[in-house]
Amino acid sequence: MGALDESLTKLVGDRTAKVLADSLKLRTVGDLLHHYPRKYVERGQLTSLDELEIDEHVTVLARVEKVTLIPFKARKGDRLEVVVTDGRGRLSLVFFNQGWRQKDLRPGTQGLFAGKVGVFNGKRQLASPDYQLIDGEEAGGEAAGRFAGRLIPVYPASAQMPSWKLQLCVEMALDKHLADVGEPLPAELRDKHGLIPLPEALELIHRPRNQAEKERAQERLRWDEAFVLQVALAQRRAADSALPAVARRPSADGALAAFDARLPFTLTEGQQKVSAEIFADLATEHPMHRLLQGEVGSGKTLVALRAMLAVVDAGGQAVLLAPTEVLAQQHHRSIVEMMGDLAEGGMLGGSDLGTKVVLLTGSMGTAARRQALLDMVTGDAGIAIGTHALIEDKVTFLDLGLVVVDEQHRFGVEQRDALRAKGSQPPHLLVMTATPIPRTVAMTVFGDLETSVLDQLPAGRSPISTHVVPALEKPNFLARAWERVREEVGKGHQAYVVCPRIGDEPEDAPAKNAAKKKRKPAATPDDPEDLGASSDERRPPLAVVETAQMLTKGPLAGLRVEILHGRLAPEAKDDVMRRFAAGEVDVLVATTVIEVGVNVPNSTAMVIMDADRFGVSQLHQLRGRVGRGSAAGLCLLVSEMPAGSSARSRLDAVAGTLDGFELSRIDLEQRREGDVLGQAQSGVKSSLKVLSVLEDEEVIATAREEAARLVAEDPDLTAHPELRTALESLLDEDRAEYLEKG
């Protein structure tokens, strides 16, 4: 074990080490050295107090403007109110029974103040914040000396460990362990790209004297993150390409040719191009690993079906894995309809070129399940469509040749690998996502997959107009929204109403309890526990069950309104979707269970309630359910959030463009980039701290090329032991999962 793997206990003591581990997940000297400042401030350069977000833990640089000691009226004690300013905005600091702090916090004093931003009487405040004064006399000279003449680092911190305490810990680590830092990047690569050594980069990222030093450090550390990640992905690509697989080539007069001949439309140029890429991969004797991403409604399912038919032609079987029963049933229904008698192979009236298409879900009856399993193991079913039920041990195939995973991000690694293991040799893999992904994100999150993009909508798709409905500011707009729904139904069309929650059931108890807590009396200045509580506490999200009842008794009375959500019995879900698709239901009130794959061309309107509670990409997916036929689509985003809020800005962005790639970029920017490789993808913390997957495209692309070259020359990194160590650190137990996308 190297010096950087040592516990922080030896460096900072038991108590501080426990706080660092518990609040910031920093356990070793290496963790601490790689905990970089999130920003830097200069003396005299104050923080923008008018931009602070409620409920965020912040460190601000500001000047004391006013100090007031206010005795409590009803009991002993007092409250010290300190107003600090940056020249544009103001922020209140509140201390209870700590009047002695007046000696420190005199008007004109400048300092760093850390705490959680709350609201009291409509004004932002920090309650009992930590602070570090940086004006000579008040700080006893020591802090002023540390901060003088250089940038002040502001670290990602916690309530128990403010930024300046972290800075002291980091400086101890630098002074004692900088010489122990290894060098993961090969010397020739550093020379080629003009990168400074890693020890120097760590020194300058934590203790820069100016902006130029900080930027040199960041440039080097960006390369570390990009290169080590791309080496891991290059190794995985190399390992996958070394595996054997059965080449699957479609026959000139098989099911695929018959299917294509019957298509009532011409494939788009994009569909033809992507299909050619997939067929070329299927014809090789190592497994295809391809990501198919495309706009909502771009025809990904059709492309996937043609790939499955090609594999069936070549004597193999294909499986389509869907994340929900509703989506699996929808895929099965639409694929059987598209194939016609080609989906009835071996049955009376079926085509001689056809095959069976079976559905397998966890809730199927015993007889139907037994028949589906038999058809798969005998090879009678060339195409199987299903949910997680396909992964169970009892499910076996005669010759599994292709696995298609729909909405990849909803499946765990073990689930997908269990399905791939059902082939006698590794099957080909096609991963589909309806969430457009910027190129640089695809190179990192899905960096071990080749990427195909469908960005062209088929002819006949109608435009979708999207509008924000400010329900509180303009209640007449919401009334008009329901009128528009009635108008669409009056024209013979159908509509969706989407809610974020199912309804008043036991699972919703936490939301109810939260609502009860919020009904407590408003905080008073003498009630310190409620100081800092947000003034805009919100009601629980709207629910499907209650909304449907409200609509049938009110604005949509007389229309045929049904509900759909994940807790309905499978038969009930399937029945509702069948009747909705058949036009027997006017309005479907649903959760996001209809987000992907649901295709009812007659649906022209969608009203999304509490739209601000959904992500940008999710809203884009949802509205893709309308405008799928010849009539134009309408999507109304209902929200109670005020104009100018970040939530409303997000909705305005969705209303402003139908470009999924542009929206995915906005979504990632607003979700903060750590989620790209972190919570959103794998449930673990992101390993990216300096590298921006949205802004550093050139670094990522170059690192990918360099990594591929190095792995080709030295697959096991035998000549690069320190790079191997860095790779092992990246691929620890918690972070391996997101690299297992393929």
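Predicted model: local features only at pLDDT ≥ 70, side-chain atom pairs only at ≥ 80, totals over all residues.
The buried residues of helix H10 are covered by several elements, including helix H9 (255–262), helix H11 (300–313), and strands S9 (289–294), S13 (400–406), S14 (428–433) and S15 (450–454).

Which residues of H10 are buried? They are Gly270, Gln271, Val274, Ser275, Ile278, Phe279, Asp281 and Leu282. These residues cover an arc of only 160° around the axis, which means that they are on the same side of H10. The general principle is that an α-helix has 3.6 residues a turn, so residues three or four places apart point the same way. On the face turned away from the buried side, H10 carries the exposed residues Glu269 and Lys273.

The length of the helix can be checked as well. H10 has 14 residues, 269–282, and at 1.5 Å a residue it should span 20 Å; the end C-alpha atoms are 20 Å apart, which agrees.

I turn now to the aromatic rings. The count comes to four aromatic pairs. One of them joins Tyr496 and Phe580, a tilted pair with 5.1 Å from centre to centre and 55° between the planes. This pair links distant parts of the chain: Tyr496 is in strand S17 (residues 494–498) and Phe580 is in helix H19 (residues 570–581), 84 residues apart. Elsewhere, Phe95, Phe113 and Tyr131 form one aromatic cluster.

Finally, a charge and a ring: the charged end of Arg75 sits over the ring of Phe72, 4.4 Å from the ring centre.

Key: Residues numbered from 1 in each chain as written. Heavy atoms only, no water. Phe/Tyr/Trp six-rings, centres within 6.5 Å; stacked < 30°, edge-to-face > 60°. Helix = DSSP H or I, 4+ residues; strand = E, 2+ residues; numbered from the N terminus. Lys NZ or Arg CZ within 6 Å of the ring centre and 35° of its normal. Expected span 1.5 Å × (residues − 1). Buried < 20%, exposed > 50% of the residue type's maximum accessible area, 1.4 Å probe, protein only. Arc of directions from axis to C-beta. Contact = heavy atoms within 4.5 Å.
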